[in-house]
Amino acid sequence: MSQRSVLIVDDDTKLVELLQLYFEKDGFVVFTANDGLTALKTAREKEPDILVLDLMLPGMDGWDICRALRRDNEVPILMLTARAEESDRLVGLEIGADDYVTKPFSPKEVVARVKAILRRTKRTTVKTESVRLGDVVIDLKQYQVTKGGQTVELTPTEFKMLELLAANPGRVFSRLQIVEQAQGYSFEGYERTIDAHIKNLRRKIEDNPREPVYIQTVYGVGYRMAGTPHE
């Protein structure tokens with residue numbers, strides 16, 4: 001089994017060194033960067049399995065790095081943020097981050113979050129090969145989604161959530177159930193995190209995200225997938 005690799009990006013060199021120590025103890029190959037432009041270059045050259053990305057960086061901030069990578073890359077991204085505003089964290093999720101951790105944090109928690117993200121994004125063999133919802137096709141073997149024959153770019157977390165809902169049409173999942181099954185753990189603020197991912201999914205697969213047909217809200221409970229999927 002090949003070693004997992006992580007790119008740690010933060011302008012706090014001591015924090016980077018601390019995280020690097022914890023990740024290396026857990027068997028990761030670690031790449032590091034202290035500014036945005038170096039981070040983007042390293043991400044494209046080294047192709048790490050996951051990024052641990054600070055938002056506030058010199059040269060190019062974490063939001064711009066995330067946007068740039070999401071144009072042609074599905075690498076999982078865990079954002080680090082010292083910002084207390086919930087809106088900042090939700091913006092990160094909306095532009096493609098898979099999860100976030102707010103500073104100050106425990107290095108052990110960061111490693112645990114990264115391992116959880118990698119576990120849920122690992123491709124596994126599934127019984128149903130594909131699910132069709134109108135003109136949306138979810139290929140569970142190839143880990144791809146198309147709409148009207150055009151590829152839909154999803155983050156690993158978005159795909160996992162869509163897979164969960166589509167494989168259980170009509171079943172209502174609470175936000176807690178979604179985060180536990182799609183992300184592997186629960187954490188404070190999970191409700192708004194799930195809402196942000198659902199908003200992204202609707203924007204990508206619904207004809208009119210403001211009047212969703214596929215991913216339906218069950219008010220006071222959670223979400224469900226409409227329709228009957230088939231291979």
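Arg4, Asp26 and Lys115 are linked in a network of salt bridges (a salt bridge is a side-chain nitrogen of Lys or Arg within 4 Å of a carboxyl oxygen of Asp or Glu). The model is predicted, so local features need pLDDT of at least 70 and side-chain atom pairs pLDDT 80 or more, while totals for chains, interfaces and linings use all residues. Residues are numbered from 1 along each chain as its sequence is written, and side-chain values use heavy atoms, without hydrogens and water.

**Exercise 1.** Find the salt-bridge partner of aspartate 98, and say where each residue lies.

*Solution.* 
- Step 1: The partner is arginine 70, with the closest N and O atoms 3.4 Å apart.
- Step 2: Aspartate 98 sits in the loop between α4 (86–94) and β5 (99–102), and arginine 70 in helix α3, so the pair ties together parts 28 residues apart in sequence. Helices (H or I, at least four residues) and strands (E, at least two) are DSSP runs, numbered from the N terminus.
- Step 3: Aspartate 98 is buried at 0% relative accessibility. Arginine 70 is buried at 15%. Buried means under 20% relative accessible area, exposed over 50%, partly exposed in between (1.4 Å probe, protein chains only).

**Exercise 2.** Describe the pair arginine 67 and aspartate 64.

*Solution.* 
- Step 1: They form a salt bridge, the closest N and O atoms being 3.0 Å apart.
- Step 2: Both belong to helix α3 (residues 62–70); they are three residues apart, so about one helical turn separates them.
- Step 3: Arginine 67 is partly exposed at 36% relative accessibility. Aspartate 64 is partly exposed at 34%.
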